[in-house]
Amino acid sequence: MGNSLLRVLGLLCLSSLVCCEHTEDKPELVLIVSPSWLSPGASVTLRCEVKPPSAGWAFYWYKAVPDISQRNYRYELLPDSIRGTVEDFYIIHGQRNTAGYACRAGKGNQEYLTDYSEQKIVWSQGMCAFL
């Protein structure tokens with residue numbers, strides 16, 4: 001009877017470890033744009049913060065593109081972001097139009113991807129790219 005009780009307790013401990021390992025919440029991403037208002041042709045820096053902070057992330061950078069058929073937006077990967085960047089920032093040179101951006105983070109060759117960050121808009125005195 002003592003062995004049975006130990007086995008049951010062992011199985012309960014093991015199942016709780018396996019259970020809780022997979023129910024871990026995904027980290028939150030916060031996208032920061034700087035500057036958020038710029039003159040046409042200026043550069044803008046996107047920075048993606050992982051909360052809570054941890055190491056080993058690859059970052060993916062997206063531009064919001066209008067999808068008129070869905071009356072919504074879809075995200076397109078920015079150049080040089082297909083395999084992710086080690087740096088938590090991405091610089092866009094020569095931006096001319098107002099545009100929306102988002103980021104994602106991944107670990108293990110995209111085996112684990114976070115949700116998209118909240119979309120941020122970079123305003124430009126030029127024409128609006130997604131209206």
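This is a predicted model: local features need pLDDT of at least 70, side-chain atom pairs count only at pLDDT 80 or more; totals for chains, interfaces and linings use all residues.
Local features here require pLDDT of at least 70 and side-chain atom pairs count only at pLDDT 80 or more, while totals for chains, interfaces and linings use all residues. Residues are numbered from 1 along each chain as its sequence is written, and side-chain values use heavy atoms, with hydrogens and water left out.

Let me begin with the charged pairs. Side chains of opposite charge can pair when their charged atoms come close. A salt bridge is a side-chain nitrogen of Lys or Arg within 4 Å of a carboxyl oxygen of Asp or Glu. The whole structure holds 3 salt bridges. In one of them, aspartate 88 pairs with arginine 47, with 3.1 Å between the closest N and O atoms. This pair links distant parts of the chain, 41 residues apart: arginine 47 belongs to strand β3 (residues 42–51), and aspartate 88 to the loop between β5 and β6. Strands are DSSP runs of E, at least two residues, numbered from the N terminus.

Glutamate 49 and lysine 51 form another salt bridge, at 3.9 Å between the closest N and O atoms. Arginine 74 and glutamate 76 also meet in one, at 2.5 Å, N to O.

How accessible are these partners? Buried means under 20% relative accessible area and exposed over 50%, with partly exposed in between (1.4 Å probe, protein chains only). Aspartate 88, at 29%, is therefore partly exposed, and arginine 47 is too, at 34%.

I turn now to the interior. In soluble globular proteins, nonpolar side chains tend to be buried together. A nonpolar core is a set of buried Ala, Val, Leu, Ile, Met, Phe, Trp, Tyr and Cys residues joined through side-chain atoms within 4.5 Å. The largest one has 19 residues, and those touching the most other members are Leu31, Leu46, Phe59, Trp61, Leu78, Ile92 and Tyr101. At least two residues come from each of β1 (28–34), β3, β4 (58–67), β6 and β7 (99–107).

Finally, where is serine 81? Serine 81 lies in the loop between β5 (72–77) and β6 (89–95). This serine counts as buried because its relative accessibility is 0%. Beyond neighbours within four places in sequence, serine 81 is in contact (heavy atoms within 4.5 Å) with Phe59, Tyr60 and Trp61. A polar atom of the serine 81 side chain lies 2.8 Å from the backbone nitrogen of tryptophan 61.

Key. Helices (H or I, at least four residues) and strands (E, at least two) are DSSP runs, numbered from the N terminus. A polar contact is a pair of N or O atoms within 3.5 Å; within protein, one must be able to donate a hydrogen and the other to accept it, and residues adjacent in sequence count only if both atoms are side-chain atoms.
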